[in-house]
Amino acid sequence: PLLPAAMGSPSVASTAAGSASPSPSPVSRKASSVPTGPLGAPRQQAAFYEVMYSRCLRAGVAVSAVTAPAPAVPKMDIATLQWLPWRTGGETLHLPAFSPACVPSLTETLRHWVERMQASAYACVVKLRTSKGLRCESLVAPWPAPASATDGSAFEVPRLSPDVSFAFRLQVEEESEPEPDVYGIRPDSGRKQLFIQVAVLHMSSRGERLLRVHTGVIGVVPYIRSVYNAVNIAPLMTLLMKQVAIYALEDKPAGASKMSPKDSLLDFCVQIIAAYQRCANRGRMDEDVLQLTRRIQLLPLYTLGARKLLYPVTSGSMDPHNAREFLLRLLRMPVHSILAALYPRVYPLPHSTGRELRHAGFASKDFLSSCKAPAYLVSSCFGTWFHHAEAEGEQDAQELAGDVGGDPDAGGPSDPERTPEARAVRRSELWQNAEEVTQLLRERLAPGPVWMPLSVLPRVPDKLATDFALDWSTKVFVSALFVEDEGVTE
């Protein structure tokens, strides 16, 4: 069944509700029992970090951490150093083998942090209320609910940045239907609605104490087809990714299910499609044709993208610290960022830097190798990658001409537009255009979880050149980036 969820984000309008002085928290805490949540307890000096966390919670202080060890420094306990930032809503940045080449990335990341600090909410207390017929089952976030909120319907965090989202898992309570009257009419038979309300008490960056109240209505329908026709795939996939991240972060007890996180996504997708075919579509299915309503027609594609995105984590090919940081970042990512991560966008270059951005097409290596544009820009919420199609096409054509005994320089030096100098100028212009489009994408995808760097896309095999070797990490990266292709992750 589809589990209803309330998604929260601090990037909505506020109304003043009091003075700027911090007030005692409405959420009581037990000092003797500190919930650990997905993060678990600190590996070292647990008592010290828990005391610091309690102080940050009372004062509304968020801690950020930058770890940049030199190549010769022994391995650091990054998980312990980043424990407090994840719990307090701060930021984390890890730069292994720090060198002068990392300075631009460090500078832009710090600038990105400062911009989000101005729009963040501090000393946040969140409470979820539900009407009769609904109950909160758990909180889906990097930080845990306090011991007093056993159902996970309340939490307190020193900071909520604009790019952070959280979720509540809700459960519908079964209610007995009233008996019909003498005329066969059931009381209240024509109306059924459930209500949720989220109250957020926080302080703005200007020191104003504010209160936000969000109220939503959940309709109860008699037919499952109505549920499928009203479901929103974006928050559904966001909730699934967050639940999978928590599942992957949890320590599995002996005898627990051995289903991997990416396989659980596939199992959920199959259940949703099977329920639709059985109940909503009444079993009607043409041969070799999968009939889905428009609301869930992208569910298989997003599930495939999620499996590819999680492959480095579940396969063990990613460093354990990087995998843990990636999962914790998934727990905080907003809806639009997760969708951009599941299915990267491709833009042709040169591209207009006006207000509208047009998508080039599918996230597929074959589309890039078609050379319909001089270059392409592949974009996700984690960064952008520049692909110079003309350069690779000319290189492959020359290699192919040399293999068959042709003249690889035919039409080259005699053509002013094909000289190395002209190609270098053309590439420089395309790269500058890629930088402009990347900056526009940063603004369009704001608020985002990380600063989006511009990099060169690794050369990928195509129909003309398939014999050059790629290391395993590059193969996994390319396979996760191009969702439409089979790749090594399936």
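This note goes through a predicted model point by point, from confidence to fold to cavity.

1. **Confidence overall.** Start here before reading any detail. The chain has an average pLDDT of 78. A score of at least 70 is reached by 74% of the residues.

2. **The start of the chain.** Two stretches need care. Residues 1-7 keep a pLDDT under 50. Residues 9-33 also stay under 50. The model still gives both stretches contacts beyond four places in sequence: 28 for residues 1-7, and 50 for residues 9-33. Where pLDDT is low, the predicted coordinates should not be read in detail. Treat those contacts with caution.

3. **Secondary structure.** Helices and strands are both present. The chain has 14 helices and 14 strands.

4. **Contacts along the chain.** Take the contacts between residues at least 6 apart in sequence. Of these, 74% join residues at least 24 apart.

5. The chain has 490 residues, and 43% of them count as buried. The accessible surface of the chain is about 25400 Å². Carbon and sulfur atoms account for 55% of that surface.

6. **The cavity.** How many cavities of 30 Å³ or more does the structure hold? It holds 1. The volume of the largest cavity is about 60 Å³.

7. **The cavity lining.** Which residues line the largest cavity? They are Trp86, Glu91, Arg116, Asp163, Val164, Arg329, Arg332, Met333 and Pro449.

Conventions
Residues are numbered from 1 along each chain as its sequence is written. This is a predicted model: local features need pLDDT of at least 70, side-chain atom pairs count only at pLDDT 80 or more; totals for chains, interfaces and linings use all residues. Side-chain values use heavy atoms; hydrogens and water are left out. On a 1 Å grid over the protein atoms alone, a cavity is a set of points where a 1.4 Å probe fits but cannot get out, and a pocket is an open set with protein on both sides within 12 Å along at least five of seven lines; lining residues have an atom within 4 Å of a point. Grid points are joined across faces, edges and corners, and a volume is the space filled by probe spheres set on the points. pLDDT is the predictor's confidence in each residue, from 0 to 100. Contact means heavy atoms within 4.5 Å. Helices (H or I, at least four residues) and strands (E, at least two) are DSSP runs, numbered from the N terminus. Buried means under 20% relative accessible area, exposed over 50%, partly exposed in between (1.4 Å probe, protein chains only). Accessible areas come from the Shrake-Rupley method with a 1.4 Å probe; for residues, only the protein chains shown count as cover.
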